[in-house]
Structures are given as structure tokens and as C-alpha cells.
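Keep the structure in view while reading.

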Amino acid sequence: MGCAVTIITNKQDYCPLCGASWVGGTILDTFKQQREEENSWCKGWTDEQLMEDIAKYYSPPYRWSRKIGLAFPHVYDGTLFWQCPDCMATWDAFTGREKAVPPEYYKEDGWPPQPF
Ligand SMILES: [Zn+2]
């Protein structure tokens, strides 16, 4: 009451605090853009070939998530927190419970958390 802590699941696609959608653009659109780049890894590929590749390595609905993974390599090798890109709230990546990043995880040398 008054201090309810939100919990998110792996499939969470919106922020329980600010309501923002975490559903990002399609992977196909991103790869199509990359296809146009010089020395592109997928130069000359058809949309069908791109889709085949996407189906192999990603899962439906083949969209990016806007949810930000925070990693602190000096603490743990992997994502420790999820963060909403809009309200910046954070959740423990293991329990899904809303939790602030301990201040000591941020180093003083200005090293920022890396999107994972
Ligand atoms: Zn939010």
C-alpha cells in the first residue's frame, strides 16, 4: 500500500510505471537499412533471405525491444538490470522486481552503463 513494488516478466512489453510501450521497430526494417550500407554484411540479399536469417536467430514477433539492459562488467558479466527508456525506472534482471541500481555500481571515472 503506497509502496507497491512492480515486477516485470521476461515478456513484458510495456512499462508498468509510466505505461510506455517497449515494443521497438522490426528487425527486418533494421536489416533492410543495413543492406544499403557500404560493405554491408547482407549486400544483395532479398527480403526473403533476410527474413530466413532473422527466423533462425530471433523469435517472433521479430521486433527489437526498447527495454534497456544494464550491465556492470566489474560486478557481473551479463545484464543485471532492465531499464525503461522513458522513465528510467530499473528492475532486477533476475527477479524482475523493481530495484534501484546500487550507486556503487557506477564507477567514478565516468564510465556509463552499457546497453547490452
Ligand atoms: Zn517507464
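Q: What does the secondary structure of the protein chain come to?
A: This is a predicted model. From the N terminus on, its elements run β-α-α-β-β-β-β-β. The secondary structure comes to two helices and six strands.

Q: How is the protein chain divided into domains, and how many Å separate the domain centres?
A: Domain 1 takes in 1-22 + 66-116. Domain 2 covers 24-64. Taken over C-alpha atoms, the centres of domain 1 and domain 2 are separated by 27 Å.

Q: What radius of gyration does the protein chain have, against that of a compact globule of 116 residues?
A: The C-alpha atoms fill a box of roughly 55 × 35 × 20 Å along the principal axes. A compact globule of 116 residues would have a radius of gyration near 13 Å. The protein chain has 17 Å.

Q: Is α1 parallel, perpendicular or oblique to α2?
A: Helix α1 spans residues 27-35 and helix α2 spans residues 47-57. Their axes come within 10 Å and cross at roughly 125 degrees. Roughly perpendicular ends at 115 degrees and roughly antiparallel starts over 145. Therefore α1 is oblique to α2.

Q: Is the crossing of α1 and α2 left-handed or right-handed?
A: Two packed helices are described by the angle between their axes and the distance between the axes. The crossing of α1 and α2 also has a hand: right-handed.

Note on methods: Residues are numbered from 1 along each chain as its sequence is written. This is a predicted model: local features need pLDDT of at least 70, side-chain atom pairs count only at pLDDT 80 or more; totals for chains, interfaces and linings use all residues. Domain bounds come from an automatic or database domain assignment. Axes are lines fitted to C-alpha atoms, for helices over the stretch in contact, and angles run from 0 to 180 degrees between N-to-C directions. Helices (H or I, at least four residues) and strands (E, at least two) are DSSP runs, numbered from the N terminus. Angles under 35 degrees count as roughly parallel, over 145 as roughly antiparallel, 65 to 115 as roughly perpendicular and the rest as oblique. A crossing is left-handed if the near helix is turned anticlockwise from the far one by less than a right angle, and right-handed if clockwise. The radius of gyration is taken over C-alpha atoms; the globule rule is 2.2 Å times the number of residues to the power 0.38.
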